[in-house]
Amino acid sequence: MPYRLGYACINATLRKNHKIRANRRAIKKTYEEKGLPHIGDLVSQNLNDLYKILQWNVENKIRVFRLSSDITPWGSEYEFTDLPNATEVMALFKKCGQYALDNDIRLSFHPGQFCVLASPKEHVIQNAISDLELHGRLMDALQQPRNHLAKINIHLGGAYGDKVKAAQTFCQNFTRLSDAVKSRLTVENDDRINLFSTKELYDYVYTNTGIPIVFDFHHHAIHPDGLSEQAGLALAFKTWQVKPCTHYSESRQLERGPDALLRAHSTLVYSEIQDHGMDFDCVVEAKGKELAIMHHRRKYPNSAELIA
């Protein structure tokens, strides 16, 4: 079985040509002034457009898609059933989720950098838990399985000068999460030496919690911790009970030269993605979104993804 490529949040083609996007937001002032009726309208628009994006993905043989965390603006502040158009919204959630299930589309989320369960500050942890619980509710509303096929992926977020202690804090706070989150949570290796490599996540997190590791190719290239790409990939895959998921991107330096930030992502994918004889799903994090996948397919017509 070849690997499958997907992308994150925005379909550049549909957004440019048809104004289709599933990440409409509201600033705090707008939320406070216009309230839930306005938010409900945004959620409805986002879900209707999400359905169109999923349809486009199926038409173009893309079966992996990361959802935007902005589907429900200010979603931690209300229950979806509190929205004035709740009946419509819940039906749209079910419609999108069932379409994904029927067409074997793997959906995922990636909460932002401020979602930090390893923080020594309780208010930061509480905010992270609230954010993660929102994503658990979103996955449930979308009828997605409570397992790592529907991953909610985060970084540990910080080492605070002591990686072992930070990882212990993370593992302790993992137990505070609901099953809607715990059953889906994954962790990702970092691109900074002072943060967590694949090996450190395996030793400090997986062995204590069973949380699978999402192997990021680009991050590993920067922070390999003594492991080859193949060895790092294999170690991460040992943590999965279902089909593993990975992330792939390349450095902006390929396009802008050595003055560009090494960690920044390129617009397209220039090298052939290597499967090292392993089967996985892969979210391509290049800035070109689905265009990067199409470029890879044209450049490497004999890549693992295209060999059925």
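Select helix 5 and colour its buried residues (buried means under 20% relative accessible area, with a 1.4 Å probe and protein chains only): K163, A166, A167, T169, F170, C171, N173 and F174. This is a predicted model, in which local features need pLDDT of at least 70, side-chain atom pairs count only at pLDDT 80 or more, and totals for chains, interfaces and linings use all residues. Residues are numbered from 1 along each chain as its sequence is written, and side-chain values use heavy atoms, leaving out hydrogens and water.

Helices here are DSSP runs of H or I with at least four residues, strands are runs of E with at least two, and both are numbered from the N terminus.

**What lies over helix 5**

Now show the surroundings. The cover over the buried residues of helix 5 includes helix 4 (122–141), strand 4 (152–154), helix 6, strand 5 (185–188) and helix 7. How does the span of helix 5 compare with 1.5 Å a residue? Its twelve residues should span 16 Å, and its end C-alpha atoms are 16 Å apart, which agrees; the expected span is 1.5 Å times one less than the number of residues.

**Helix 5 against helix 7**

Axes are lines fitted to C-alpha atoms over the stretch in contact, and angles run from 0 to 180 degrees between N-to-C directions. Helix 5 passes helix 7 in a right-handed crossing, where the near helix is turned clockwise from the far one by less than a right angle.

For the contact (heavy atoms within 4.5 Å), pick K163, V164, A167, F170, C171 and F174 on helix 5, and E200, Y204, V205, N208 and T209 on helix 7. These residues divide into seven nonpolar, two polar and two charged. Ala, Val, Leu, Ile, Met, Phe, Trp, Tyr, Cys and Pro count as nonpolar, Asp, Glu, Lys and Arg as charged, and the others, Gly among them, as polar.

**Helix 2 against helix 3**

Next, select helix 2 (residues 28–59) and helix 3 (residues 86–102), which pack at an angle of about 15 degrees with their axes 10 Å apart. Helix 2 is thus roughly parallel to helix 3, and passes helix 3 in a left-handed crossing, where the turn is anticlockwise. The contact holds eleven nonpolar, four polar and two charged residues.

**Strand 3 and R106**

Go to R106, found in strand 3 (residues 106–108). Is R106 buried or exposed? R106 is buried, with a relative accessible area of 5%. Leaving aside neighbours within four places in sequence, R106 is in contact with residues including R4, R63, W240 and D281. L149 is 43 residues from R106 in sequence, yet 6.6 Å away in space, C-alpha to C-alpha.

**Last stop: two loops**

Most residues other than glycine have a negative phi. K19, in the loop between helix 1 (12–18) and helix 2, has a positive phi of about 60 degrees although it is not a glycine. K19 is exposed (over 50%), with a relative accessible area of 64%.

Finish at D225, in the loop between helix 8 (217–222) and helix 9 (229–237). Phi of D225 is near 55 degrees, again positive in a residue other than glycine. At 32% relative accessibility, D225 counts as partly exposed, a term for values between 20% and 50%.

Technical notes
Angles under 35 degrees count as roughly parallel, over 145 as roughly antiparallel, 65 to 115 as roughly perpendicular and the rest as oblique.
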